[in-house]
Amino acid sequence: MAGIITQVSQAPVQANIQPPLLTRLSLDLRGKRFSVDRETIMNLPESVLLCLFPNGLVLSRQATSMTDQGEGVEEEEVYGVDFDPDCFSFVLQFFRSASDTFYGTETSPGLFLAQQHLIDASPSSDFAPNQNPLLSKQAIIVLREELEYFSIPPKGGNASTDANGIANESMLDLKRDCGKYLLEKRSIFTALQRNVNKENNIAEQHLIDMLCMSGFDRDDEWGFRAIEPSRCCISSIALVLLKTGIVHHPAMSGEKQVTIDYNQMATAQKLLLFWRKPARKCWWDGIEIELKPVGENAPRVIKLWARRVWTLELSLV
């Protein structure tokens, strides 16, 4: 098998910086409106931005204007985006919560205030802020999966396709049932671990180990998981805070004392390879399941093939 995970060259998400810059974008995600400020958009993971704006991101477009009974009225420009609005909400909420916890809010100081002294007290230039942004930024591991599945109906059943490859209603029902089955399998690492056990792929095992040392647990589930409309495809995303080795200890006075586990910090720094450089891994996964097709009395064994594409990156906010 090829390398466990490879860097991919992707079309850069470009921002037209010619004035005037839009401070907020109005987005329509499959009928649901979002108003998001420019800074929030630019802090999102690149792999998510590429899904939102596959043709590039333009932040300087002016809103159009119209005249109504002689009075100038500004008309809001809305960008239509083919992306799951619930997934977008999940990402926005996680990033906002992570930022508030790290930098603090108007009413509550964040972790960064308590650890600022570490920047000047680092024992080595390797941990200086210009060499190691993990001291001054909140790091988030972003793991996404695109799962495209293919259902092979049992022989002698009602599910089939015609000469032109068009599925009948029984076949469509079978695909929907298979999608519901896969949707409920929320464990992140089960499929990859199954592939490790099958192929004895050491690199894949190292990937699982690295992620579990850096913030994930081996029994973690996808934070968001949904079937794409009108497609045999399931999109999933998991977000976790990177374990940097910076530990905040509650003090008797109510202040926080901070220490660094430099071994953990060294492990965390390896994830910086994926900062602004999303990497992908693709593999095929085949299983057999028992389903009771519509119109049939007994369950049948269905062969399910899934093409899984993982995208891994690190975000700093």
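Hi everyone, let's start with Ser230, which counts as exposed because its relative accessibility is 82%. Exposed here means over 50% relative accessible area, buried means under 20%, and partly exposed is in between, with a 1.4 Å probe and protein chains only.

A quick word on the model: it is predicted, so to speak of local features we need pLDDT of at least 70, side-chain atom pairs count only at pLDDT 80 or more, and totals for chains, interfaces and linings use all residues. Residues are numbered from 1 along each chain as its sequence is written, and side-chain values use heavy atoms, with hydrogens and water left out.

Back to Ser230: it sits in the loop between strand E8 (224-227) and strand E9 (233-241). Strands are DSSP runs of at least two residues, labelled E and numbered from the N terminus. Its phi is positive, about 60 degrees, although Ser230 is not a glycine. Most residues other than glycine have a negative phi.

Arg30 also has a positive phi, near 50 degrees, and is not glycine either. You'll find Arg30 in the loop between strand E2 (24-29) and strand E3 (32-37). With 33% relative accessibility, Arg30 counts as partly exposed.

Now, is Asp285 buried or exposed? Buried, because its relative accessibility is 7%. Asp285 belongs to strand E12 (residues 279-291). Its side chain makes a polar contact with the side chain of Arg194 at 2.5 Å; that term means a pair of N or O atoms within 3.5 Å, and within protein one must be able to donate a hydrogen and the other to accept it, while residues adjacent in sequence count only if both atoms are side-chain atoms. Beyond its neighbours within four places in sequence, Asp285 is in contact (heavy atoms within 4.5 Å) with Ala191, Arg194, Leu304, Trp305, Ala306 and Arg308. Thanks, everyone!

How values were computed
Helices (H or I, at least four residues) and strands (E, at least two) are DSSP runs, numbered from the N terminus.
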